[in-house]
Amino acid sequence: MTSSVKDTIYKLLTVMDSETQIRKYLKRFSSEQGLKFAVIKVGGKILKEEMENLVASLTFLKQVGLTPIIVHGAGPQLTARLSEKNIAAEFVDGQRVTSPEVLKAAREVFIDENHNVTSQLKESGVDATSFYSGVFECDIQHQDTLGLVGTITSVEIEQLLKTVKKGRVPVVSPLGETKEGQIVNVNADSATFSLAKAIQPYKIIFLTETGGVLDEESNIIPNISIVNNYKYLIKQPWVHSGMKLKLEKIKDILEVMPTATSVSITKPQLLAKELFTDKGSGTLVNMGEKAIE
Ligand code: ARG
């Protein structure tokens with residue numbers, strides 16, 4: 001482990017003061033041999049700006065014996081690559097229009113970013129395996145408007161679970177294939193939700209720049225209960241459209257998951273605090289009335 005990773009882990013630990021809480025959560029997350037601990041989505045912006053904190057947080061998780069599954073995005077990187085190649089970036093309803101040449105660039109960028117994560121994890125002593133195919137089977141439903149964008153129809157988790165079982169962190173790119181073998185671009189949030197549905201992990205975690213769902217005054221909302229707060233929240237003008245979409249998807253997924261499952265939105269630097277303290281650091285979304293004790 002490099003000394004900067006050590007320093008960051010040390011910083012992670014100093015924000016947590018209760019050993020009892022740490023032990024409680026560690027025990028909870030480690031059940032089922034840690035097989036189904038968490039699916040963690042890491043946005044492209046985080047890969048660009050917070051790689052060191054991300055690697056330190058994941059190294060910390062590994063050191064306490066937890067192996068998450070990572071799904072990454074790479075939106076900003078792809079937009080940059082397209083502009084280098086003079087290809088226009090187009091969006092319809094927040095979804096990237098994927099022509100064959102956009103798909104080619106997307107594949108290159110996803111593979112680069114995926115390797116970047118796995119190699120930095122390895123440098124930090126964490127075994128990691130890249131997955132950029134064979135996970136998401138897709139249909140192409142809107143070829144005329146969106147091009148080669150996949151709607152996930154099934155998820156193949158066997159290889160992922162085998163990897164986790166060996167203690168290696170799977171790093172999954174948002175790429176799918178159709179039954180006919182056409183590679184397709186998949187929205188990374190959708191990939192995360194589909195994967196979570198298939199894996200049924202204890203935690204679904206989104207690492208974002210803001211580190212949670214923000215209220216009107218840009219403060220992080222610590223808890224959201226779907227049953228009690230969802231209807232109100234979704235109507236608020238200050239909940240921006242991207243977050244609205246995410247909340248809708250979170251609601252849909254929590255409705256079909258075991259009740260103990262929760263979604264946490266936080267940032268890399270505060271991940272350990274979110275996971276191993278009662279109060280957490282970001283936004284915890286669950287079905288019920290209050291945070292699960
Ligand atoms: N550590 C617990 C968990 O990960 C509770 C987190 C509480 N977080 C919050 N933002 N209220 O499930």
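This is a predicted model: local features need pLDDT of at least 70, side-chain atom pairs count only at pLDDT 80 or more; totals for chains, interfaces and linings use all residues.
**Exercise 1. Find the strands that pair with β11, and say how they run.**

Let's start with β13: five bridges join β11 to strand β13 (residues 262-266), and these two strands run parallel.

**Exercise 2. Work out which faces of β11 are covered.**

Begin with the strand as a whole: β11 spans residues 203-207, and five of its five residues are buried. Now sort them by side, remembering that in a regular strand the side chains alternate between the two faces of the sheet. Lys203, Ile205 and Leu207 lie on one side, while Ile204 and Phe206 lie on the other. Since buried means under 20% relative accessible area, check each residue against that cut-off: both sets pass, and both faces of β11 are covered.

**Exercise 3. Decide how the buried residues of helix α5 are arranged, and what covers them.**

First, list the buried residues of α5 (residues 75-84): Gln77, Leu78, Arg81 and Leu82. Then look down the axis of α5: its buried residues fall within an arc of 135°, so they line one face of the helix. Finally, step past the end of the helix, where α5 is followed by Asn86, with a positive phi near 55°.

Methods. Residues are numbered from 1 along each chain as its sequence is written. Side-chain values use heavy atoms; hydrogens and water are left out. Buried means under 20% relative accessible area, exposed over 50%, partly exposed in between (1.4 Å probe, protein chains only). Helices (H or I, at least four residues) and strands (E, at least two) are DSSP runs, numbered from the N terminus. Two strands pair if DSSP finds at least two bridges between them. The arc is that of the directions from the helix axis to the C-beta atoms.
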